[in-house]
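Let us read this structure together, one feature at a time. Have the sequence and the model open side by side.

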Amino acid sequence: MMNNETIFQASMSCLAAIIVLIGLCTRSFYKMVATYLFGMLAICGVILPDWEFFDRSVSHWCTPVTVNDFTNKSPGPFTSTRFKFYPVRSVVYAIVYGFGLYRWWIYISS
């Protein structure tokens, strides 16, 4: 299994390749910068979020994390909740990143 740093490095390498491809196809520095900014926001929002913070009920996202939130977890060798499926979180991510991807594509293809 890949650790967070390896996933981040692979994501950054893919983003760099996409930026070069956009630059070669469009010959626009501004579109390369827009691709970089969108890619960094996507990487930071999907791959590197504070999962312990968001691994709570959606209604508790606006409250600070307490020590009890971390001590209530079941002890074990592997307690990662990174790949748990949360429908509300998935819908929010799909809406936000879908709209962002749509706006980026409209800008790049113009």
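Q: Where does arginine 27 lie?

A: Arginine 27 sits in the loop between helix 1 and helix 2. Helices (H or I, at least four residues) and strands (E, at least two) are DSSP runs, numbered from the N terminus. Please keep in mind that this is a predicted model, where local features need pLDDT of at least 70 and side-chain atom pairs count only at pLDDT 80 or more, while totals for chains, interfaces and linings use all residues. Residues are numbered from 1 along each chain as its sequence is written, and side-chain values use heavy atoms, with hydrogens and water left out.

Q: What is the phi of arginine 27, and is the residue buried or exposed?

A: Its phi is positive, about 50°, although arginine 27 is not a glycine. For burial, the scale is relative accessible area: buried means under 20%, exposed over 50%, and partly exposed in between (1.4 Å probe, protein chains only). Arginine 27 counts as exposed because its relative accessibility is 76%.

Q: Is serine 28 buried or exposed?

A: Serine 28 is in that loop too, between helix 1 (4-26) and helix 2 (29-46). With 15% relative accessibility, serine 28 counts as buried. A polar contact is a pair of N or O atoms within 3.5 Å; within protein, one must be able to donate a hydrogen and the other to accept it, and residues adjacent in sequence count only if both atoms are side-chain atoms. Here the serine 28 side chain reaches the backbone nitrogen of lysine 31 at 3.3 Å.

Q: How many helices and strands does the chain have?

A: There are five helices and zero strands, and the order from the N terminus is α-α-α-α-α.

Q: Which residues does the "transmembrane region" annotation cover?

A: In the unreviewed UniProt entry, that annotation covers residues 6-26, 33-51 and 90-108. UniProt positions are given in the numbering used here, feature names are shortened, and annotations may be inferred rather than shown by experiment. In the model, residues 6-26 are 100% helix and 0% strand, with end C-alpha atoms 30 Å apart. Residues 90-108 are also 100% helix and 0% strand, and their end C-alpha atoms are 26 Å apart.

Q: Which residues of helix 2 are buried?

A: An α-helix has 3.6 residues a turn, so residues three or four places apart point the same way. In helix 2 the buried residues are Lys31, Thr35, Gly39, Met40, Ile43 and Gly45. In helix 5, Arg89, Gly100, Trp104 and Ile108 are buried.

Q: What is threonine 35 in contact with?

A: Contact means heavy atoms within 4.5 Å. Leaving aside neighbours within four places in sequence, threonine 35 is in contact with Leu15, Ile18, Ile19, Ile22, Trp104 and Ile108. Threonine 35 counts as buried, at 2% relative accessibility.

Q: Which residues does methionine 32 touch?

A: Methionine 32, found in helix 2, touches Ile19, Ile22 and Gly23, not counting residues up to four places away in sequence. Methionine 32 is partly exposed, with a relative accessible area of 25%. Its C-alpha atom is 8.9 Å from that of leucine 21, eleven residues apart along the chain.

Q: How many disulfides does the structure hold?

A: A disulfide is a pair of cysteine sulfur atoms within 2.5 Å, and the structure holds zero. Cysteine 14 is partly exposed, at a relative accessible area of 47%, and cysteine 44 is partly exposed at 39%.
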